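Subject: A structure for you to look at

Hi there,

Here is the structure I promised to send you.

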Amino acid sequence: MIAEQRIVTERLGIIDPQKIEDYIDHHGYEALRKVLTGMSPADVVDVIERSGLRGRGGAGFPTGIKWKYVSKTPGDQKYVICNADESEPGTFKDRLVLEGDPHTIVEAMIIAGYAVGASVGYIYIRGEYGLSQKRFSHAIRQARQNGYLGEHILKSDFNFEIHVHSGAGAYICGEETALIESIEGKRGEPRTRPPYPTTNGLWNMPTLVNNVETLANVTAIIRNGAEWYHAIGTPSSAGTKVFTIFGKVNSRGFFEVPMGISLRQAIDTFGKGMASGSTFKLAQTGGSSGSLVPPDLLDIPMDFDSFKAGVVMGSGALLICDQNTCVVDLARVLLNFFRVESCGKCNPCRIGNMRAQTILNGIAQGIGTMKDLENLEMIGRYLYEMSNCGLGQTAGSPLRDILTHFRPEVEAHIISKDCLAGVCAMSGQPALV
Amino acid sequence: MTVGTIASDKARQVAQEVCQQHGATRDELIPILSDINRQLGYLPAEALDEISTQLKIPKSQVLSAASFYSMLSTQPRGRHVIKFCESAPCHVQGGREVWLALQDQLQLKSGETSPDDRWTLETTSCLGQCADGPVILVDEDIYLNVTPDQLSGILAKYK
Ligand SMILES: Cc1cc2nc3c(=O)[nH]c(=O)nc-3n(C[C@H](O)[C@H](O)[C@H](O)COP(=O)(O)O)c2cc1C
Ligand code: SF4
Ligand code: FES
């Protein structure tokens with residue numbers, strides 16, 4: 001039996017998120033005090049680096065190394081940005097932290113600012129997260145009133161300010177360079193990288209961008225030490241991960257466990273098993289750009305490296321599907337997402353996603369050909385090789401996965417005009433185009 | 001277009017006020033656009049024009065930002081905007097049936113506004129409430145675990 005271990009979600013439901021006193025009673029601002037009274041910026045970077053913490057925004061970049069890059073880059077003004085644009089379908093872990101424990105992010109941003117030499121922080125919260133914005137803004141005001149934010153924090157020489165910036169509806173603004181463009185008041189179109197934000201970020205200054213969940217680990221690491229943290233999880237991926245689970249399971253919601261849980265364990269323990277009448281068919285893990293996982297990969301331990309075995313952990317979203325999900329229909333929905341959310345800056349992504357979705361719609365309507373499957377494979381490859389940013393580069397994963405794991409089911413749509421799950425237009429259902 | 005447009009002097013006046021509240025600088029552009037959109041329901045051309053003057057940036061750049069974000073609209077919309085989450089988690093949890101029923105009840109397709117200006121129907125990507133899908137958003141109110149038979153009750157609340 002796998003048990004929860006709560007670090008990121010430790011205070012959720014336990015403290016009143018609107019009361020700074022509650023936060024302080026639960027180790028709040030202890031890490032900041034420890035940092036400002038006895039640690040140099042280099043000490044802080046060193047602890048984060050040795051902890052093995054990796055970025056929870058999806059890619060798993062080592063956090064300490066990023067902090068070191070920004071700290072070593074000279075700049076008159078540096079910035080810390082907390083990425084709270086959380087828009088990956090299936091993902092709401094960052095919202096839970098911002099709504100339930102906003103001060104932990106305030107505190108971590110101040111510590112990050114001290115470590116890298118930044119005096120200004122921004123948090124970019126997606127426009128649809130009104131409650132998160134409200135709770136976070138309230139936390140900032142309280143922190144300022146209590147001497148944790150502003151000038152001479154805790155009577156030290158360190159000054160730090162945080163601004164809240166609201167998104168306005170665009171998945172792509174979660175990509176860090178698009179996010180920076182958006183704060184600067186432009187369309188959220190990703191820049192060409194390199195240069196990276198660590199050297200040329202907000203207003204071309206060195207900028208640290210970290211995800212909410214990444215930052216939510218920082219205060220506990222400072223308080224308990226790098227060794228404590230590194231001992232949790234798997235060798236490549238230290239610490240815990242917050243997963244969200246939903247779909248055809250008995251219990252939907254979130255849980256936090258040490259890295260390395262398998263899908264089977266997640267479904268059995270935290271999903272409380274498959275819903276009655278449902279048989280596991282596949283899981284869609286890691287959000288839209290993640291992976292479609294067939295039954296034979298149910299026992300792969302999930303961490304930042306398990307994508308090599310075909311299971312992408314990504315944001316930690318676990319969508320559990322049963323026999324009533326059709327893989328063509330699901331891929332159609334996923335490609336529609338990429339088509340809608342593509343910023344349109346580069347051709348492979350703008351056109352490729354549209355083409356792929358049109359082909360999938362055709363297959364779902366019973367007018368697909370075997371040649372279509374070759375074209376889908378080709379589009380997937382082009383998307384991967386020629387797109388400017390991660391959105392386009394991963395948009396082909398559902399295409400690849402349905403053709404690798406569920407080819408006979410896709411071919412049945414073409415050859416015998418048969419939708420096993422009975423959801424596609426050819427089986428008499430209204431077309432959803 | 002059947003939808004009434006905002007009087008142009010009102011649009012300019014609101015745009016001017018919002019720019020002054022935020023401070024007329026480039027990095028305030030998106031917050032400014034969001035605020036005006038909230039107050040007027042959309043971004044009329046006169047408002048964009050006024051922002052361009054206040055912030056001293058070309059009109060094309062204001063329009064380019066205004067047309068990019070899904071929470072902003074450069075077209076007038078109905079009195080109530082109803083957004084249906086079309087992402088995979090909601091879809092798998094019964095969203096498909098809700099979407100069909102919603103289009104049927106409103107007699108609208110995605111992106112359309114009803115002849116009486118009461119509704120604009122839109123689809124949206126994930127709203128971060130996936131464990132409680134299907135999800136629809138009516139103006140600022142979110143409805144979770146929506147089933148087709150709840151729709152008429154929900155719609156009746158909005159005149
Ligand atoms: C299309 C796309 C969308 C992204 N969306 C998010 C997001 O919503 N939140 C997030 O933290 N990172 C997102 N990222 C990753 C960010 O670009 C960046 O890597 C991350 O914020 C860095 O923080 P971390 O090192 O703490 O993970 C996205 C990346 C891509 C390519
Ligand atoms: S890959 Fe897609 S989302 Fe990324 S820059 Fe190109 S068009 Fe925009
Ligand atoms: S998929 Fe609908 S709210 Fe997330």
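This is a predicted model: local features need pLDDT of at least 70, side-chain atom pairs count only at pLDDT 80 or more; totals for chains, interfaces and linings use all residues.

**Around the ligand**

Let's begin with ligand 1. There are 19 residues around ligand 1, and the ones that come nearest are A:Gly57, A:Lys66, A:Asn210, A:Asn211 and A:Thr214. If you sort the residues of this shell by class, you get four nonpolar, nine polar and six charged.

Which elements of chain A each supply at least two residues of the shell? They are strand S4 (207-211) and helix H16 (390-395). The largest share, three residues, comes from S4(A).

A polar side-chain atom of A:Asn210 lies 2.8 Å from an oxygen atom of ligand 1. For A:Asn211, an N or O atom in the side chain is 2.7 Å from an oxygen atom of the ligand. With A:Arg56 it is the backbone that takes part: one of its N or O atoms lies 3.3 Å from an oxygen atom of ligand 1. On its own, ligand 1 has 610 Å² of accessible area, and the protein covers 87% of that.

**Chain B by itself**

Before we put the chains together, take a look at chain B. Its secondary structure comes to six helices and four strands. Follow the sequence of chain B and you will read the pattern α-α-α-α-β-α-β-β-β-α. Taken along the principal axes, the C-alpha atoms of chain B fill a box of roughly 50 × 30 × 25 Å.

**Where the two chains meet**

Now for the interface. The size of an interface is often given as the accessible area lost when the parts come together. Chain A and chain B bury about 3,200 Å² between them, with 59% of it on carbon and sulfur atoms. On the side of chain B, the residues that lose the most area to chain A are B:Phe68, B:Val92 and B:Arg96, which together make up 21% of what that side buries. Counted by contacts, 34 residues of chain B touch 52 residues of chain A.

How many salt bridges does the rule find across this interface? It finds one, and the side chains that meet in it are those of A:Asp329 and B:Arg96, at 3.8 Å from N to O.

Which parts of chain B are involved? Helix H2 (29-40), helix H4 (59-66) and helix H5 (88-106) of chain B are the elements that give two or more residues to the side that touches chain A. H5(B) gives the most, with eight residues. By class, this side of chain B has 17 nonpolar, 12 polar and five charged residues.

**A salt bridge inside chain A**

Over all chains, a search of the whole structure finds 36 salt bridges. One to look up is in chain A, where the side chains of A:Asp46 and A:Arg50 meet at 3.0 Å, N to O. These two residues are about one helical turn apart, because they sit four residues from each other in helix H3 (residues 41-51) of chain A.

**Some backbone details**

Most residues other than glycine have a negative phi, and most peptide bonds are trans. Here are some places that depart from this.

- The peptide bond from A:Arg193 to A:Pro194 is cis, with omega near -5°. You will find A:Pro194 in the loop between helix H8 (176-183) and S4 of chain A.
- The peptide bond from B:Gly133 to B:Pro134 is cis as well, with omega near -5°. B:Pro134 is in the loop between strand S2 (119-124) and strand S3 (136-138) of chain B.
- A:Trp203 is not a glycine, yet it has a positive phi of about 45°. The loop between H8 and S4 of chain A is where A:Trp203 is found.

Enjoy exploring, and write back with any questions.

Best wishes

Note on methods:
Residues are numbered from 1 along each chain as its sequence is written. Chains are lettered from A and ligands numbered from 1 in the order in which they are written. Side-chain values use heavy atoms; hydrogens and water are left out. A residue is near a molecule or strand if one of its heavy atoms lies within 4 Å of it. A polar contact is a pair of N or O atoms within 3.5 Å; within protein, one must be able to donate a hydrogen and the other to accept it, and residues adjacent in sequence count only if both atoms are side-chain atoms. Accessible areas come from the Shrake-Rupley method with a 1.4 Å probe; for residues, only the protein chains shown count as cover. Ala, Val, Leu, Ile, Met, Phe, Trp, Tyr, Cys and Pro count as nonpolar, Asp, Glu, Lys and Arg as charged, and the others, Gly among them, as polar. Contact means heavy atoms within 4.5 Å. Buried area is the accessible area (1.4 Å probe) that two parts lose on being put together, summed over both. A salt bridge is a side-chain nitrogen of Lys or Arg within 4 Å of a carboxyl oxygen of Asp or Glu.
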